[in-house]
Amino acid sequence: MVIQKRVNQIRKFMDANEVKLSIVWEPDNQFYLTGFRAISYSRPIVTLLEENVVQLIIPGLEEAHADEKANVDRIHVYYEQYGLREQVLTYIEHLTNILQQYPRNTKIGVEVGVLPASVYLFVQNMGFLLVDIGAKITEMRSIKDAHEIELLKVAGHLSDLAIGESLRNVRIGMSELEFDSYGDRLLLEKASQDYPDELIGYADWTCSGLPRSEMPHLYSSTRKFKDGDVVVHSRQVWFNNYRAENERTFLIGNVTERQKDLLKLAIEAQQVGMELIRPGITAGEVDSACFNVFKKAGLADYVQHRVGHGLGLSEHEEPYLRFDNDLILQEGMVYTIEPGIYVPGVGGFRHSDTVILTNNGSFSVTKHARDFEGMRF
């Protein structure tokens, strides 16, 4: 079983670092190691890994869900109902009881980058020595196996269907939200028809005109498309929790020559990154190569972000394609390639595709047309 292999890898790391118990807090990490993910974590959920036991601390309203989905050995439930006020009422009581089975100065594994400071200090103040396991989980998650890649392919396919449908219905006078809705409807219909009894979700954002397209991250609004608009549309689709990202910038009506040139330049920069990325080069090399396209055009000052991020269970995942990251890329890594340029008074321009690294290069799971002519409406 895949999940058991992952747990065994963590246990091997724990053994090498003399860690007796690990506390996993981050929801996607918990799913990666147990197969369980809730909708909301306003009530804390905690996964604990020991030498021979995986335990889960769960609020009462998630008990049935955890019983069905969680690949764990033991579930501890805390309650908040008035009628169960004599039961354990907080996750911290269960956590304390488990930790108290270990002597002071025992090494406890935690995700240093995401564990709340209050929980970190609580465990530390009990006399334990804390060791980071977060970097190890990140390393494991960054390499996708064959099953994960198949899920990403489906997510990419569904995102292509949705983007294509929205673009087929572009017209002046429609709102950003209305534009999104065409792709949303087809996505939900096709997913229900072609993939019964599967977990599918999506998120999309459309930023049109000035200055909205110049800001890389904005939610869709009721603003209506106008003649001469630059529009950046971003969509993520997840299939059984694995995400593909698909973004396209398009032009409506009578745009300027400057806007046309900048879209062509953004497409060129993305193509450079997609042709370059492969196992054996560094993450920084990909970012630098795309940046240099803009630099040679005298537009370096208008680049606002790295060229890409990891993708899988989370919306953004480490490690990132940044100029200062000397990580050597490996087969099975998954990245977005999305160089962007944002020029005040002109617009923002960015395509994004999801690529998977293979032993002889890479391939994209998002395949909707990227060419300039296909982005004119």
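Visitor: Which residue stands opposite Asp204?
Guide: Arg235, in strand 8. Keep in mind that this is a predicted model.

Visitor: How do strand 7 and strand 8 pair?
Guide: In the antiparallel sense, over nine bridges. Strand 8 covers residues 230–239.

Visitor: And what order do the strands of the sheet come in?
Guide: The order is 7-8-9. Three strands form this open sheet, and the pairing is antiparallel.

Visitor: Which strands stand at the edges?
Guide: Strand 7 (200–208) and strand 9 (242–251). Each has a single partner strand, so one side of each is left without a neighbour in the sheet.

Visitor: How many degrees does the twist average from one strand to the next?
Guide: 10°.

Visitor: Which helix lies across those strands?
Guide: Helix 8, residues 176–194. Helix 8 lies across strand 7, strand 8 and strand 9. Relative to strand 7, helix 8 runs at about 160°.

Visitor: Switching to helix 4 and helix 5. At what angle do their axes cross?
Guide: Roughly 30°, and the axes come within 11 Å. Helix 4 is residues 91–99, and helix 5 is residues 117–125.

Visitor: Is the crossing left-handed or right-handed?
Guide: Helix 4 passes helix 5 in a right-handed crossing.

Visitor: Which residues make the contact?
Guide: From helix 4, Tyr91, Ile92, Leu95, Thr96 and Leu99. From helix 5, Val119, Phe122 and Val123.

Visitor: How many of those are nonpolar, polar or charged?
Guide: Seven are nonpolar and one is polar. None is charged.

Terms used. Residues are numbered from 1 along each chain as its sequence is written. This is a predicted model: local features need pLDDT of at least 70, side-chain atom pairs count only at pLDDT 80 or more; totals for chains, interfaces and linings use all residues. Side-chain values use heavy atoms; hydrogens and water are left out. Two strands pair if DSSP finds at least two bridges between them. Helices (H or I, at least four residues) and strands (E, at least two) are DSSP runs, numbered from the N terminus. Axes are lines fitted to C-alpha atoms, for helices over the stretch in contact, and angles run from 0 to 180 degrees between N-to-C directions. Contact means heavy atoms within 4.5 Å. A crossing is left-handed if the near helix is turned anticlockwise from the far one by less than a right angle, and right-handed if clockwise. Ala, Val, Leu, Ile, Met, Phe, Trp, Tyr, Cys and Pro count as nonpolar, Asp, Glu, Lys and Arg as charged, and the others, Gly among them, as polar.
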